[in-house]
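Subject: Structure for your review

Dear colleague,

Please find the structure below, with the sequence. My notes on what was found follow it.

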Amino acid sequence: MVRGLPSAASLARFCQKLNRLKPLEESTMETSLRRCLSTLDLTLLGVGGMVGSGLYVLTGTVAKEMAGPAVLLSFAVAAVASLLSALCYAEFGARLPRTGSAYLFTYVSMGELWAFLIGWNVLLEYLIGGAAVARAWSGYLDSMFNHRIHNFTQAHIGTWQVPLLAHYPDFLAAGIILLASTFISCGARVSSWLNHTFSVVSLVLIIFIIILGFILARPHNWSAEEGGFAPFGFSGIMAGTATCFYAFVGFDVIAASSEEARNPKQAVPIAISISLSLAAGAYILVSTVLTLMVPWHSLNPDSALADAFYRRGYSWAGFIVAAGSICAMNTVLLSSLFSLPRIVYAMAVDGLFFQVFARVHPRTQVPLAGIVVFGGLMSLLALLLDLEALVQFLSIGTLLAYSFVATSILVLRFQKAPPASSPGPASPGSRVKEYHSFSDHIQLVGTEQASAPEPGQLRPALRPYLGFLGRFSRGAAVAWALGILVASAITLACVLAFGDSALHLPYWGYILLLLLSSVAFLLSLLVLGAHKQQRLQDTFQIPMVPLTPALSILLNVSLMLKLSYLTWLRFSIWLLIGLTVYFGYGIWHSKENQREPPELTATRYVVFPSTSLEEVVQPVQPSTQVPAQEPSPTEQPTSP
């Protein structure tokens with residue numbers, strides 16, 4: 001071997017580190033955080049994260065530029081699409097009542113490297129999202145005072161003409177972030193009470209808008225003389241759906257807060273379902289009354305609701321709507337600042353991020369260091385950066401997280417549940433194998449010989465008809481089907497997103513590729529559906545698996561491909577920075593390093609199938625190394 005090049009064994013161990021999994025500890029409720037949030041608290045957190053600036057800005061933009069009065073259909077379709085991802089989060093949040101959200105869900109099913117990258121992207125999502133909301137909050141408040149704040153800042157500081165920087169520093173946006181961070185640092189109960197106040201005000205205002213809006217409604221605004229109900233046709237409705245989808249991304253704050261819920265197994269699924277339903281109803285009804293009050297083509301995209309009341313002669317109502325929109329933006333800002341330090345805390349506790357962020361304040365029981373550092377960073381972004389060009393950057397990280405969570409649902413559903421009891425003594429000269437990667441978890445199913453089918457094994461009723469799947473080692477068919485499902489979903493999404501012209505294919509080639517990818521997607525679904533799934537009696541599980549998470553993956557990938565090339569370039573740069581942090585710090589300080597037995601570096605394991613319910617692994621020593629000592633009959637190997 002050439003001196004200086006790593007050996008094959010070293011590369012194998014390095015790849016194993018990248019794919020190692022966090023142990024699935026479903027039953028633990030111990031936490032250094034305070035479990036004080038009820039179902040109502042979680043529900044209002046979710047409503048606050050979803051019903052914010054999008055209600056007051058997005059409805060007018062989509063109605064005027066994309067869908068017309070059919071914007072209500074765009075919101076309805078987007079709500080159904082969001083429900084697919086929300087159900088995946090609900091199952092994981094109930095099954096793993098720990099903070100971390102998509103990061104944790106990926107860690108227990110896909111591997112450490114993927115989990116770190118998902119957590120890294122979620123951090124950026126909350127940072128830019130919170131800063132953007134703060135600047136929108138500042139703009140609304142400034143407009144209520146006839147732009148006096150903006151004029152004062154420009155007169156005394158001046159304007160800048162620097163790329164990526166705002167034209168002037170927004171001290172008001174930076175100040176509201178620092179103020180909100182102060183309330184968040186006082187504890188979960190204080191921030192929850194504050195979120196309750198703003199959420200109730202926002203919901204009361206929505207009811208006011210709906211009632212007064214229906215009183216002022218003019219059905220003539222949906223007539224053919226004004227362009228009709230769907231002036232942009234079906235394509236306009238679907239284009240509006242892609243934009244409206246991002247109005248519902250705030251539900252993940254509920255999963256991120258599950259470690260502080262009193263009864264997460266029941267509270268998390270209920271809170272996600274209720275909050276998504278309330279948000280969908282609010283968006284659909286408000287967009288309905290908006291397009292009935294004034295013609296859709298005359299809407300003001302920047303402040304559609306307030307402007308609609310002003311134009312109908314109800315100036316006082318327009319002022320109330322403008323003031324209420326500030327309350328709604330406060331709830332979104334609080335949700336971002338509430339979730340962000342908890343994601344950082346979860347990564348730091350696992351050793352993948354700097355340990356200072358794993359410390360919890362003894363009195364308030366919140367990750368104070370994360371709140372101070374990232375709250376200050378968010379404030380700096382709102383102060384200096386021009387966030388309009390970066391808002392689209394939020395979408396790609398969110399959609400990627402949704403895709404990984406849906407894939408994680410499929411992985412865990414066809415994986416054997418971890419044993420509830422501790423293992424007994426091993427027989428002399430044998431070791432019970434521990435499983436660390438996704439492929440190992442799938443192989444676990446195939447090495448057990450039992451009369452009753454385990455998760456991941458072919459259903460007994462289908463064995464006479466699908467006997468060819470028995471030629472594979474048990475579990476291999478599931479792994480192959482899952483890989484083909486993801487690959488075919490990406491291919492199908494590319495075909496649907498780009499069409500034959502962008503792909504430079506002849507028409508027959510485009511149709512052939514569309515059919516092949518569709519058939520592969522459906523066949524992989526059928527193969528997965530033919531295998532037994534893991535069923536938990538006392539925990540919420542989403543229905544229609546594997547169809548529901550598969551559709552979620554297809555939808556999320558399709559929306560990701562709608563984003564611009566510049567967004568993908570910025571995303572790649574951010575990923576490279578994250579990889580630098582992981583390989584420079586995370587991989588060496590991961591808590592999973594402590595689970596690896598030292599003999600793994602000098603012992604390779606040969607697997608022999610056994611007729612028992614366990615798989616016996618015999619250690620075989622390489623000829624170039626000193627033979628390892630055989631374990632005694634009572635010795636148990638350290639769990640990696």
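The model is predicted. I start with helix α20, residues 547–561: its 15 residues should span 21 Å at 1.5 Å a residue, and the end C-alpha atoms are 21 Å apart, in agreement with that figure. Twelve of these 15 residues are buried, so α20 is largely enclosed by the rest of the structure. The buried residues of α20 are Thr548, Pro549, Ala550, Ser552, Ile553, Leu554, Asn556, Val557, Ser558, Leu559, Met560 and Leu561.

The loop between α19 (507–529) and α20 contains Pro546, which is joined to Val545 by a cis peptide bond with omega of about 15°. Met544 lies in the loop between α19 and α20 as well. The phi of Met544 is near 55°, a positive value in a residue other than glycine. Met544 is exposed, with a relative accessible area of 58%. As background, most residues other than glycine have a negative phi, and most peptide bonds are trans.

Gln365 also has a phi near 55°, positive although the residue is not glycine. Gln365 sits in the loop between α14 and α15 and is partly exposed, with a relative accessible area of 23%.

Next, the chain as a whole. Its secondary structure comes to 21 helices and three strands. The chain has 640 residues, of which 53% count as buried. Among contacts with a separation of 6 or more, 83% are between residues 24 or more positions apart. The chain exposes about 28000 Å², and 67% of that area is supplied by carbon and sulfur atoms.

One part of the surface is a nonpolar patch formed by Leu566, Leu569, Ile573 and Ile577, which together have about 360 Å² of accessible area. Ile577 belongs to helix α21, residues 565–589. The relative accessibility of Ile577 is 41%, so this residue counts as partly exposed; the cut-offs are under 20% for buried and over 50% for exposed.

Which residues of α8 are buried? They are Ala173, Ala174, Ile176, Ile177, Ala180, Ser181 and Ile184. These residues cover an arc of only 160° around the axis, which puts them on the same side of α8. The buried residues of α8 pack against α6 (112–144), α9 (188–215), α14 (315–349) and α15 (368–384).

Last, the charged pairs. Side chains of opposite charge can pair when their charged atoms come close. How many salt bridges does a search of the whole structure find? It finds four, and I describe some of them here.

- Lys22 and Asp350: their side chains meet in a salt bridge, 2.7 Å from N to O. Lys22 is in the loop between α1 (8–19) and α2 (39–50), and Asp350 is in the loop between α14 and α15, so the pair ties together parts that are 328 residues apart in sequence. Asp350 is buried, with a relative accessible area of 6%.

- Asp41 and Arg189: the closest N and O atoms of this salt bridge are 2.9 Å apart. The pair links distant parts of the chain, with Asp41 in helix α2 and Arg189 in helix α9, 148 residues apart. Asp41 is buried, at a relative accessible area of 3%, whereas Arg189 counts as partly exposed at 36% relative accessibility.

- Arg413 and Glu91: the closest N and O atoms of this salt bridge are 3.1 Å apart. Arg413 is in helix α16 (residues 391–413) and Glu91 in helix α4 (residues 71–95), so the pair ties together parts that are 322 residues apart in sequence. Arg413 and Glu91 are both buried.

Two places to look at when you open the model are the cis peptide bond between Val545 and Pro546 and the salt bridge between Lys22 and Asp350.

Regards

Terms used
Residues numbered from 1 in each chain as written. Predicted model: local features only at pLDDT ≥ 70, side-chain atom pairs only at ≥ 80, totals over all residues. Heavy atoms only, no water. Helix = DSSP H or I, 4+ residues; strand = E, 2+ residues; numbered from the N terminus. Expected span 1.5 Å × (residues − 1). Buried < 20%, exposed > 50% of the residue type's maximum accessible area, 1.4 Å probe, protein only. Patch = residues over 30% accessible without salt bridge, like charges linked within 9 Å, V, L, I, M, F, W, Y side chains within 5 Å. Areas by Shrake-Rupley, 256 points an atom, 1.4 Å probe, with all protein chains shown as cover. Contact = heavy atoms within 4.5 Å. Arc of directions from axis to C-beta.
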